[in-house]
Amino acid sequence: PRYLTLDQSKELLQTVANPTVSGGHGNHDNSERNFAMITILLNCGVRLQELININISDIDFENNKLNVIGKGNKERTIYLNKACMNAIKDYLDNSRPKEGIKYDSKDALFLSKRRERISNRTVQYIVKRELQKAGLDTAKYSVHKLRHTAATLMYKYGNVDIRALQELLGHESISTTEIYTHVDN
């Protein structure tokens, strides 16, 4: 699988964290939301649908844990590092709307400008735009490639063994996870 290097990942996060970088749209009300989303994608290896479905009530702020419902309706726990916790808290405290939220989206972590749960397309658009702003090839990289990046970097630099990676990514089969071990074989 294609994945971003550690330096490219840092560059992407820096670009998202600094919305005044060239190519911006002028309206950066959602920069903290976008930063939180991309931080979670790069650090946790969640799938697009899992990211979209995160509810505030799924986050255990005391124990830095996130429960996600993955493929096949399987629930798994993801431990959040400081970067993820800080990004989520900054977004919740400073820029997530507090009023006018659509009824069925009240607990949704990530909201669109219409104050409803963010859509797949919106996340894909945001990731593509931020990749472009960071000077990364959007023909090579996508939301799903950020999942590959998270897994590869955990395996390569985080001393995460393949069984732990399998559990973290929610893979049924170890052979699916073995794709990520290509980096150091």
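This is a predicted model: local features need pLDDT of at least 70, side-chain atom pairs count only at pLDDT 80 or more; totals for chains, interfaces and linings use all residues.

User: Why is isoleucine 179 called partly exposed?

Analyst: Its relative accessible area is 42%. Buried means under 20%, exposed over 50%, and partly exposed in between (1.4 Å probe, protein chains only). The value 42% falls in between, so isoleucine 179 is partly exposed. The residue lies in the segment after helix H8 (174-177). Helices here are DSSP runs (H or I, at least four residues) and strands likewise (E, at least two), numbered from the N terminus.

User: What makes glycine 70 buried or exposed?

Analyst: Glycine 70 has a relative accessible area of 13%. That is under 20%, so glycine 70 is buried. Glycine 70 sits in the loop between strand S2 (65-69) and strand S3 (75-79). Leaving aside neighbours within four places in sequence, glycine 70 is in contact (heavy atoms within 4.5 Å) with Arg47, Glu50 and Arg76.

User: Is glutamine 166 buried or exposed, and what does it touch?

Analyst: Glutamine 166 has 12% relative accessibility, so it counts as buried. This residue lies in helix H7 (residues 162-169). Not counting residues up to four places away in sequence, glutamine 166 touches His171, Glu172, Ser173, Ile174 and Thr177.

User: How do you know that the length of H2 agrees with expectation?

Analyst: The expected span is 1.5 Å times one less than the number of residues. For the 14 residues of H2 that should be 20 Å; the end C-alpha atoms are 19 Å apart, so the two agree.

User: What makes H2 mostly covered?

Analyst: In H2, 11 of its 14 residues are buried. Among them are Met37, Ile38, Ile40 and Leu41. After H2 comes glycine 45, with a positive phi near 70°.

User: What does H5 pack against?

Analyst: The buried residues of H5 pack against helix H1 (6-17), helix H2 (31-44), helix H3 (48-52) and helix H6 (143-157). Those buried residues include Val123, Ile126, Val127 and Leu131. H5 (residues 120-133) has 14 residues and reaches 20 Å from its first C-alpha to its last, close to the expected 20 Å. Just after H5, glycine 135 takes a positive phi of about 75°.

User: How do you know that the radius of gyration agrees with a compact globule?

Analyst: The radius is taken over C-alpha atoms, and the globule rule is 2.2 Å times the number of residues to the power 0.38. For 185 residues a compact globule would come near 16 Å; the protein chain has 16 Å, so it agrees. The C-alpha trace spans about 50 × 35 × 25 Å along its principal axes.

User: What is the secondary structure, and what share of residues is buried?

Analyst: The protein chain has eight helices and three strands. From the N terminus on, the order is α-α-α-β-β-β-α-α-α-α-α. Buried residues make up 43% of the 185.

How values were computed:
Residues are numbered from 1 along each chain as its sequence is written. Side-chain values use heavy atoms; hydrogens and water are left out.
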